[in-house]
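Trainee: I would like to learn how to read a protein model. Please take me through one, feature by feature.

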Amino acid sequence: MGNFKKKLAVSVIIPTFNRGRMVKEAVDSVLAQEYKKFELIVVDDGSTDNTLNLLQTYGHRLTLIQQQNRGVSAARNAGIAAAVGDFIAFLDSDDLWLPQKLSCQIRFFNAHPEALVCQTEEIWVRN
């Protein structure tokens, strides 16, 4: 897991709408993080497909918030309102993280306590 100066908690927020075919991969990539001091909040923004049923299978491993469809920004804001971590990390429901993502960012914040934001590189895969 690494030697960190401070064990900072991260609130990971995934907004989702009708992404039953891909949200599992996003959730699983968060649950597979090397850095384990996080909470996972998934906000279902009124899905009409199997997204909600799929998310319910994770049980206590995530916090599931349901709301009427109000858009991705409202879903992110609902996740922020429920968050208790020292930091907020967003992940879209059609994306995924490499296992070291959170540990790398926590190392950065421990090395740079004055920092308020940390952006990581993206790899785009199409088709």
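## Pocket, sheet and core

Mentor: This is a predicted model. The largest pocket holds about 1,200 Å³ of space.

Trainee: Which residues are closest to the centre of the largest pocket?

Mentor: They are L91, W97, T120, E121 and E122, out of 34 residues that line the largest pocket. Helix 1, strand 4 and helix 4 each give two or more residues to the lining.

Trainee: Which element gives the largest share of that lining?

Mentor: Helix 4 does, with six residues.

Trainee: Now the sheet. How do strands of a sheet pair?

Mentor: Strands pair through backbone hydrogen bonds, in either a parallel or an antiparallel way. Here, four strands form an open sheet in the order 3-2-1-4, and the pairing is parallel. Strand 3 (63–66) and strand 4 are the edge strands, each pairing on one side only. From one strand to the next, the twist averages 25 degrees.

Trainee: How many bridges join strand 2 and strand 3?

Mentor: There are four bridges, in the parallel sense. In strand 3, Q66 stands opposite D44.

Trainee: Take T63 in strand 3. Why does T63 count as partly exposed?

Mentor: Buried means under 20% relative accessible area and exposed means over 50%. T63 has 38% relative accessibility, so T63 counts as partly exposed. Leaving aside neighbours within four places in sequence, T63 is in contact with L40, I41 and V42. T63 and E39 are 24 residues apart in sequence, and their C-alpha atoms are 7.8 Å apart in space.

Trainee: Last, the core. Where do nonpolar side chains tend to be in soluble globular proteins?

Mentor: They tend to be buried together. In this model, the largest nonpolar core has 24 residues, and those that touch the most other members are V10, V12, I14, V27, V30, L40 and L102. Two or more residues come from each of strand 1 (10–16), helix 1 (23–31), strand 2 (38–44), helix 2 (51–56), strand 4 (87–90) and helix 4 (101–111). Helix 1 gives the most, with four residues.

Trainee: What does I14 touch?

Mentor: Not counting residues up to four places away in sequence, I14 touches A26, V27, V30, L40, I41, V42, V43, L91, D92 and S93. There is also a second, separate core of seven residues, among them V43, A75, A78 and A83.

Definitions and conventions:
Residues are numbered from 1 along each chain as its sequence is written. This is a predicted model: local features need pLDDT of at least 70, side-chain atom pairs count only at pLDDT 80 or more; totals for chains, interfaces and linings use all residues. Side-chain values use heavy atoms; hydrogens and water are left out. A nonpolar core is a set of buried Ala, Val, Leu, Ile, Met, Phe, Trp, Tyr and Cys residues joined through side-chain atoms within 4.5 Å. Buried means under 20% relative accessible area, exposed over 50%, partly exposed in between (1.4 Å probe, protein chains only). Contact means heavy atoms within 4.5 Å. Two strands pair if DSSP finds at least two bridges between them. Axes are lines fitted to C-alpha atoms, for helices over the stretch in contact, and angles run from 0 to 180 degrees between N-to-C directions. On a 1 Å grid over the protein atoms alone, a cavity is a set of points where a 1.4 Å probe fits but cannot get out, and a pocket is an open set with protein on both sides within 12 Å along at least five of seven lines; lining residues have an atom within 4 Å of a point. Grid points are joined across faces, edges and corners, and a volume is the space filled by probe spheres set on the points.
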